Amino acid sequence: MIKILALLAFPTLAFAGFNPSSENDCSPIDLRNEQINYVRNQKEIAWCYAFTAADMLGYTFKTNEKVSAADVALNYNSTGVGRFAGWINRNILQRNDSDVQNEAHQTGFNKIALNQTMSEGYCPESVFPSENWTQMTRVGDGWVSEQVTLQKAMHAITTLHTNRAGLTAKNLPYYYSFKNITPENFVRFIKTKRLVNFYNSLRLTACKDDRKVLDHRWKVKMVFKNKNIFWRLGEQLSLGRPVGLDYDSRILKDRNQRGMSLARLHTSAVLGRRWHKESQTCQFLVRDSYGEQCSKYDPSYDCEGGKVWLRESQIYPNMTSLVYMLSRVR
């Protein structure tokens, strides 16, 4: 992970310029379809890399329904890299941040998430949701359901875990409802698993009957920023493949942002390309993961339901790398 972070930081200094696309090399491409058009909202949980990976997998493999980004993220957290990054965040980098202590580990690398999901298979969004979870609250002898954000659910789960000693299925004040998850096994996970392992048990149990395999002939490639990076991006779009873009998120709110801070590292999918006549430059369609509202972006951008068109000259100074998928030959 440290090596990847170093490589991500290096390209921001290594190249002063890029080879701009000509109009002939910027023919219009738009990969949006029913599978990838609706933009999910990650809200307060920094799983942008997982939302991007889930969209890339769903589009590439033409899944019947959306891939669960929450499953992708928690799967990533179960890897050696994910566990190490979580430990570093909780114990060193952000040890005084209560949110970090109360939530499943966030942030990650798109490439590792893609590889891990292709290895294990994906869980459908309908089975393991990524935007809101269903909280079941005990009322008398029954339960009342309520949709809550993942952040609220994680904080509530931490509270249960902290006070788990006397918990039983009969006095459990609330739990989170998924397929295959009952009050009995939910409280058992709370009582017997470390919090860092609780979420992995939750997703594996919820998805055990619905996990679907993916084509293992595909591999994932990561290309770091270089002067020909937009040729590579255009190449993959021309092949009909969404591309993951790693970049500084501040460019979304400020068109004058230039530079890269790893603390603001963000990942989005690129879905299209077009020639912008007024500026005489190529633009790319960046699909964010914060819902379909446009008010959060710089008002000068052309925004279409949570997807914004950015010029090459805006992307390049703020980016670190691209991630895309390649089909293997048997």
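1. Starting with the inside: the lining of the largest cavity has two nonpolar, four polar and three charged residues. Here Ala, Val, Leu, Ile, Met, Phe, Trp, Tyr, Cys and Pro count as nonpolar, Asp, Glu, Lys and Arg as charged, and the others, Gly among them, as polar. Those lining residues are Gln42, Lys43, Glu44, Ile45, Ser130, Glu131, Thr149, Leu150 and Gln151, and the volume of this cavity is about 30 Å³.

2. Before going on, keep in mind that this is a predicted model, where local features need pLDDT of at least 70, side-chain atom pairs count only at pLDDT 80 or more, and totals for chains, interfaces and linings use all residues. Numbering runs from 1 along each chain as its sequence is written, and side-chain values use heavy atoms, with hydrogens and water left out.

3. A word on the terms. On a 1 Å grid over the protein atoms alone, a cavity is a set of points where a 1.4 Å probe fits but cannot get out, while a pocket is an open set with protein on both sides within 12 Å along at least five of seven lines; lining residues have an atom within 4 Å of a point. Grid points are joined across faces, edges and corners, and a volume is the space filled by probe spheres set on the points.

4. By that rule there are two cavities of 30 Å³ or more.

5. Now the largest pocket, which holds about 860 Å³ of space. It has 33 lining residues, and Thr107, Leu262, Ala263, Arg264 and Leu265 are the closest to its centre. Helices H1 (2–9), H3 (48–60) and H5 (80–93) and strand E7 (265–276) each supply at least two residues of the lining; H5 gives the most, with four.

6. Of its 19 lining residues, Arg90, His105, Leu195, Val196 and Asn197 lie nearest the centre. Here H10 gives the most, with five residues, and H4 (69–77), H5, H6 (98–102) and H10 (195–207) each supply at least two. By class, this lining has five nonpolar, 10 polar and four charged residues.

7. Then there's the sheet: three strands, open, in the order E3-E2-E4 with antiparallel pairing (two strands pair if DSSP finds at least two bridges between them). E3 (142–149) and E4 (174–177) are the edge strands, each pairing on one side only. From one strand to the next, the twist averages 35°; axes are lines fitted to C-alpha atoms, for helices over the stretch in contact, and angles run from 0 to 180 degrees between N-to-C directions.

8. Which helix packs on this sheet? Helix H8 (residues 150–162) does, touching E2, E3 and E4, and its direction makes about 125° with that of E3. Contact means heavy atoms within 4.5 Å. Within the sheet, eight bridges join E2 (residues 132–139) to E3; Trp133, for one, has Val148 in E3 as its bridge partner.
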